[in-house]
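Dear colleague,

Please find below the structure I promised to pass on to you. My notes on what was found in it follow directly after.

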Amino acid sequence: MFAAVASLALLGAALGFGLGIAARRFAVESDSLVDALVAMMPGSNCGQCGQAGCAEAARLIAEGTAPVTSCPPGGKALASALAAKLGIPLDLSTVADQEPRIASIAEDICIGCCRCIKVCPTDAVIGAAKQIHAVIREACTGCGACIERCPTEAATLQPLPATVSHWVWPKPDVPAYPAPALAN
Amino acid sequence: MSEYLVLLVSTALVNNVVMVRFLGLCPFMGVSKRIDGAIGMGLATSFVIVLAASLSWILEHWLLVPLGLSYLRLLTFILVIAAVVQFTEAAMRKIAPDLYQMLGIYLPLIATNCSVLGLPLINMQEGHGFVTAIVYDFGSALGFTLAMLVFAGLRERLALVRVPHAFSGAPIAFILASQMSLAFMGFSGLNFK
Amino acid sequence: MGFIERFLHTLSEPRWGVHPDDRKRPAADAPLRLLPMPKRLYIPLQQHVGQPARSVVLVGQRVLKGQLIAEPQGRISAPVHASTSGTVFMIGDITAPHPSGLAFAAIGLEPDGIDASAESAVPADPFALPPAEITRLIAAAGIVGLGGATFPSAVKLALGQRSGVATLIVNGGECEPYLSCDDRVMRDAAPAVVDGVRLMMHAIGAREALVGIEANKPEAIVAMRKAAAPFAAIRICPVPARYPMGSDRQLIQTLTGKEVPSDCRAADVGVIVNNVSTANAVHRAVRLGEPLIRRIVTINGGAIWQPGNVMVPVGTLVSDLLAFAGVKSEPERLVMGGPMMGTVLPHASVPIVKGTAGILALNAEEIAESEPGACIRCGNCTRACPAGLLPLEMAARIRAGDLPGAEAFGLSDCIGCGCCAYICPAHLPLVQYFNHAKGELSTQERTRLRNDAAKRLAAERAGRLEREALEKSAAAARRKAERNAAKAAEAARASPAVPTTQHAEKNTAALVETSS
């Protein structure tokens, strides 16, 4: 009776001691996974995913509470990279790349208030006070921050026109299983 | 020496822990979607099996039997296994965070993997010596990893073929497992005499 | 045929490719015809690989034949010239000869019927000129690879010269069924082709030239042999007729035995490949001062009354060419290029561009459409693939959405020749899978680059904001120090003036805010 209690207590103490040492030895200071994911995110903190910023989104994705497909500007490229990093199977066909859109500013309504310039996360809007503003197409991520700030609704998101050089062949629509030949 | 070799082959192939003894089926089905995950799982389980079995053997023969506490065998073994899994989890989180993420819930579930508890118990039942027990466990762990690896390879190919809707997903995986089990039956014809 | 002969035959035959019925005759034997000048020309600004050209004419402007109407932009680009004299009536969009049926920019030209040429200077002896000068003339003439790739020739020649290429391979393969424009060029203008080859050899400093011509063009081989006889450095080499012999890598392998490694260019194995029609265009540009404004186009197919080869000004609408050759029945399908790699046209109001080798108007019998079945892993595609890939494995991965997996199987080495789809007994649309995956991967790559750029911009902005905040607080601290000093001085004189100073500070802050 006593031997049983003593030996189990001893065993538990020994194992607990060993695990305590191991926990100290293998302590993970910061979550390296989250850091790796943050580095992969666009980093413009545009807020299209609904989170406070890219770092927060990365944390949620690492936790598994947010899907890898939650970053609209990242599109399929980022989703597949994240899925590969996390080892999650990902069916890309369910991820629709958001139709690429960029901001444009209507010259006749713009009053040159500079508000959009201040909120743009990538400095894609140029202009000065009381001057008409313009969007640099290459720098715009289509986050829509300027749309909300524009007092005259001069800033709008416009879809990028499809061009010959950016066109992608559609995926062939082969039925999952060919129709069986009817036997008679 | 040749005796150990025969033991290794017979545990890894002839009496494969997964395909013949039906132990440790939950990671076998759960983490076999991708080859890299399956290898990681196989190696982690192998590590746990060998370490836990040797510790169990030592405890059984040096602590429980001398003190006449054989009735505590189950509790002791589970305690040892849980500690080893805990240790593996902590170590893997530090050393291989990607693998840690990939294995997910299945990593702590090694603790309840029936092959991990089953093998030390079989060792005691059969009355293996220390070296024989280690070889026996190592061979079984090898067999587990092999089964995981082969099955994951098959499932990676399975993802590319057209499966009738009624069978897609888990059903076709179980059908595949049954065919693999059939294939492993072939090893029972091996004769070492 | 005895089995030894058969064995030797299989040894000499290429192991890759397919052998479709070539259907080149009778179109190839019909004499070359000249298309009467159409009512309107639509000359696209992008007829080459690389950046599109930029228009340098205005609507309503009168231009002469051969006048520059669009200048090249960027390093890889080519200029565009007026195909005849006339008036520019529009600069705008027209349907592109592209499977998408999307529009691209073109200059609309209304010919005046005079066909007056612009002045052009021609060097007396081009072989006395330095190679760079020849390359410059070729670039100015807007010459692009006429075999179908439409890579700017001058860029290719300059690359060849830089990498010290010793062998120029001239591609007279023309392996696509139905097409015979290169055949026609070699039969009718062999001396011009040979002269063009010599000019290109001079431009890249090549020691020898190998002209590969498929064995199914005996007349072209005879004509070229005769024309090349005086030049020992130019050899005419008949090659087996097998599709895709006209692909540069396959032709290089057949002629020199060298295999161009994956992710390398032909120049890396000391070879440059140019088409025979390109050689002809080079001859015309350097000797006659004529830029690339017209080309020979094969018009062929079951729906055509008079199949043959026609000299067509660049920018002619396909409908004008069809009207000239006569249409028997409404064509089931219009194809620009060959039947294997050509582009299905959405309609006939599409301009003929520099790279158009042929227009095929196919009737219902010529289109074999069958329902795709299931892959039985027979491996025919693997045997046919000239690049040595496993089309069945790549297609299975693309179908399952595993694009990186397909890439690992060598998708980037796929030349899109269509051998696999041609031979597939299950009629799987293999090439469409590969084209889809290539496009999808490049889109993803573009998104990735765009995200990287956005990340850089965002980081720069964060840095700027931080810097500005620092500067602002430093300025505020300085002002505060000054104010304190002033206050101390005031206090010394015992007459405080605090409110005004505060007001001034607010104004400065507002100024800083606006300038940011």
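Contact here is taken to exist if the C-beta atoms of two residues, placed from the backbone, lie within 7 Å; axes are lines fitted to C-alpha atoms, for helices over the stretch in contact, with angles that run from 0 to 180 degrees between N-to-C directions. Helices (H or I, at least four residues) and strands (E, at least two) are DSSP runs, numbered from the N terminus.

The two strands belong to an open sheet of 4 strands with parallel pairing, in the order β11-β10-β9-β12 (chain C), where strands count as paired if DSSP finds at least two bridges between them. Its edge strands, each pairing on one side only, are β11 (234-239) and β12 (271-275) of chain C, and neighbouring strands are turned by 25° against each other on average, direction ignored. Strand β9 (residues 167-172) of chain C pairs with β12(C) in the parallel sense over 5 bridges, and C:I169 has C:V273 in β12(C) as its bridge partner.

A second open sheet, of 3 strands, shows antiparallel pairing in the order β3-β5-β6 (chain C), with β3 (54-55) and β6 (80-81) of chain C as the edge strands. Between β3(C) and strand β5 (residues 68-71) of chain C there are 2 bridges in the antiparallel sense, and C:S55 has its bridge partner in C:A70 of β5(C).

**Domains and chain contacts**

Chain C is divided into domain 1 (127-289) and domain 2 (376-516), with bounds that come from an automatic or database domain assignment. The C-alpha centres of these two domains of chain C lie 42 Å apart, and their contact takes 5 residues from domain 1 and 6 residues from domain 2.

The contact between chains A and B takes 20 residues from chain A and 21 residues from chain B. On the side of chain A that touches chain B, α1(A) gives the most, with 11 residues.

**Conventions**

Residues are numbered from 1 along each chain as its sequence is written, while chains are lettered from A and ligands numbered from 1 in the order in which they are written. As the model is predicted, local features need pLDDT of at least 70 and side-chain atom pairs count only at pLDDT 80 or more, whereas totals for chains, interfaces and linings use all residues.

Best regards
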